[in-house]
Amino acid sequence: MSIETTQEKPAYLAHADGTMVLNSAGLEADARYRAARADRDRLDRSWAGAVLAGLFLQHAWLDAITLTLEASPEYDDSGGFYRSTRCQASAPRAVPGQPLPEETFPEGAFDPDAATSLIEEELEEGMFDLYAGLAQYPEDYSDLTVSLERSAIAALLQHSPVDGSLACIAWGWPVSPPA
């Protein structure tokens, strides 16, 4: 076995007293990783903001809704586990005087059950990513409830496309989850 220097490659160094430290290349690699991870977290949060703002863009009748995102560990057949997410919509509110689409509200009157079913169906495919983008800790399992109101992002809805990061700010969420 040859002994090579790792000065130019990221590496941990063990000292005789038992302490472990990164070499300078390791410190640089760690800093790049942390910066990339922070950028990824901001992108995930922006995606979640854009998806939720999209609900208001697509549904002119939607004035407000509350979403509860639940995460739980589920065990698979091989002895491992994965995070399962669920989204439940509640307390929908229609914009007063806004015409309601007949395909969603065939009777012409606002039906909260139909509204929550529609929103849950539209968010079903992206629930995992939505939770990861909105949760304080993306790998967490804590339930998360968000109340969304059109009024908070009304100015943003005047222009398309809507920046998901700006929607997050308008709803009072930090652009990136706390570290």
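## Backbone features in loop and strand

Pro 161 lies in the loop between α4 (150-153) and α5 (164-170), where helices (H or I, at least four residues) and strands (E, at least two) are DSSP runs numbered from the N terminus. Ser 160 and Pro 161 are joined by a cis peptide bond, with omega about 5 degrees.

The model is predicted: local features need pLDDT of at least 70, side-chain atom pairs count only at pLDDT 80 or more, and totals for chains, interfaces and linings use all residues. Residues are numbered from 1 along each chain as its sequence is written, and side-chain values use heavy atoms, without hydrogens and water.

In strand β4, Ala 91 has a positive phi near 50 degrees although it is not glycine. Ala 91 is exposed, at a relative accessible area of 54% (exposed means over 50%, buried under 20%, partly exposed in between; 1.4 Å probe, protein chains only).

## Helix α2

Helix α2 (residues 112-123) has 12 residues, which at 1.5 Å a residue should span 16 Å; the 17 Å between its end C-alpha atoms agrees. The expected span is 1.5 Å times one less than the number of residues. At the start of α2, a side-chain oxygen of Asp 111 comes within 3.0 Å of the backbone nitrogen of Asp 113.

Buried residues of α2 include Ala 114, Thr 116, Leu 118 and Leu 123. Among the elements covering them are α1 (24-58), β3 (62-75), β4 (81-94) and α3 (127-134).

## Packing of α1 and α3

The axes of α1 and α3 are 7 Å apart, at an angle of about 120 degrees. In α1, Trp 47 and Leu 52 are among the residues that meet a group in α3 including Leu 130 and Leu 134 (contact means heavy atoms within 4.5 Å).

Methods: Polar contact = N/O pair within 3.5 Å; in protein donor to acceptor, adjacent residues only side chain to side chain. Axes fitted to C-alpha atoms, helices over the stretch in contact; angles between N-to-C directions.
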